[in-house]
Amino acid sequence: MGNFFNDFKSGNMGITKMSGEKRQATLLLIIQICVIVLTGVLVTYGPDTRPDSSRSRSAMPYYVPPTEKPETDPTSIYPMYQDVHVMIFIGFGFLMTFLRRYGQSAIGLTFLLGAILVQVAILCDGIFKIGDNGKAPLSLDSLLNADVAVAAPLISMGALLGKTTYMQLIVMGIIELVIYTLNKYIGEQHLLVVDDGGSIFVHAFGAYFGLAVSFVFGLRNKPKSQAHELEGSSYQSDIFAMIGTIFLWLFWPSFNSATLHGDEQRRAIVNTLLSIAASCVISFAVSALVSKRNKFDMVHVQNSTLAGGVAIGTAAGMMCQPVGALTIGAISGVISVLGYKHLTPWMQNRLRIHDTCGVHNLHGMPAVLAGLFGALLAGLATEADYNYALYEIFPARIPSLGQNLTEINNSYQLSLRPGPNRTAGMQASYQLLALAVTLVVAIVSGLVTGLILRLPLCGSLTEEQKFNDSVNWEIESEDEVQKISNANKDENSQSAEVAMGHI
């Protein structure tokens, strides 16, 4: 702090004059302060989190509130929210610990990014919900939507893992959340597409945004055909990464169904479980088949086993039937493993795209498959299959004002307002359009963001600093660790000798 005040008094507080580490820490403080100010200006408690003036209150000191909860209890989404929360902070964090010298950064930077970006996501989402009072209401739904949004920049982080400073990741995440929110708003509010599990708006966007940024980084320093000496894994780091895999595998049904309701939510849970189970089994099988000695590859097991959760996301709440969920999960497992085996090396050698975690195989290609599968099911959807739920799942299918709308409202005792009156084929076309728009927006905005991240303000890493925790963390040198280990061994040996002598 003394150096900080001395710099301030001497007028040398220009942020560009600071050392790289101090500049990044100062920028982090500034960003958090800006978020606090913007939250104070733009966000307030929503109706569900305000004191209810209509609720009867008692002056008795031991007043017991009624135990019955309303049918639309806002806290009913909290268990699903917690599941998604675990996926974001534990699942994603531990999944990226496979690098043998980057485990602390994988977990720690995921923690940091998640904490700052969830606040930014609340602000971005709130911009479109500002009321007459000039502020956006904050509720548990807002927190859930923010967690889902943060998954996109964390996916992008996987493509860049070990090659950037933490400030580059934070700046990338903030820019990405702004573009993500705009893209999702256009898709949901104007194109009126269905993407229950966020495969299009979260996974496809996050994967191809991160790959585009990695491409820009590769233009300056072409990725080497031979891996960096610290890029590999170890026995222990692979085990830690499997913790992330298991957590993601267990909670993925919650991620795909958290924002849904009723039978649609229950259907999403069933479909996701079936799809991700099939991708798990197929990934093991294909991994053994494509390896030289017919053994499992830990990279495939850590990642491709999860591809089914992505592949079913767009159509999670649709009537794909159990066999459809199993089939799409199996297909995603195959393409994911083959992507790790053949496509990732080709992208690195030919396209200069270095994908550290292989997000293209876990999130990118399965998300495109999900978009195509969702369009197919949207084109096959009929009132005979969905009953009145057809117009809940596909609101753009609601007829315009006329005899058809009146008959539907009378038959199902609904009060639907006139809609766009799309046919099944038109809805399928819009689903494909949303996928194409998302891919274009992600790639173009990722390229621009990559150029921004190369500015000196965000810092950069040399080739020797990549994939190394010592850049961000206070870590004892190997010599010191060895001395401590030897001292512990000597102490244990002496204790054993004393114990034996006593006997």
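Visitor: What is the handedness of the crossing of H2 and H6?

Guide: Two packed helices are described by the angle between their axes and the distance between the axes. In this predicted model, the crossing of H2 and H6 is left-handed. The axes of H2 (residues 20-42) and H6 (residues 166-190) come within 9 Å and cross at roughly 30°. Angles under 35 degrees count as roughly parallel, and H2 and H6 are therefore roughly parallel to each other.

Visitor: How many residues of H5 are buried?

Guide: Of the 21 residues of H5, 17 are buried, so this helix is largely enclosed by the rest of the structure. For the protein chain, buried residues make up 47% of the 503 residues.

Visitor: What span does H5 reach from its first C-alpha to its last?

Guide: H5 (residues 140-160) reaches 31 Å, close to the 30 Å expected at 1.5 Å a residue. Gly162 follows H5 and has a positive phi, near 85°.

Visitor: How many helices and strands are there in the protein chain?

Guide: The protein chain has 18 helices and two strands. Among its contacts between residues at least 6 apart in sequence, 80% join residues at least 24 apart.

Definitions and conventions: Residues numbered from 1 in each chain as written. Predicted model: local features only at pLDDT ≥ 70, side-chain atom pairs only at ≥ 80, totals over all residues. Heavy atoms only, no water. Helix = DSSP H or I, 4+ residues; strand = E, 2+ residues; numbered from the N terminus. Expected span 1.5 Å × (residues − 1). Buried < 20%, exposed > 50% of the residue type's maximum accessible area, 1.4 Å probe, protein only. Axes fitted to C-alpha atoms, helices over the stretch in contact; angles between N-to-C directions. Parallel < 35°, antiparallel > 145°, perpendicular 65-115°, else oblique. Left-handed = near helix turned anticlockwise from the far one by under 90°. Contact = heavy atoms within 4.5 Å.
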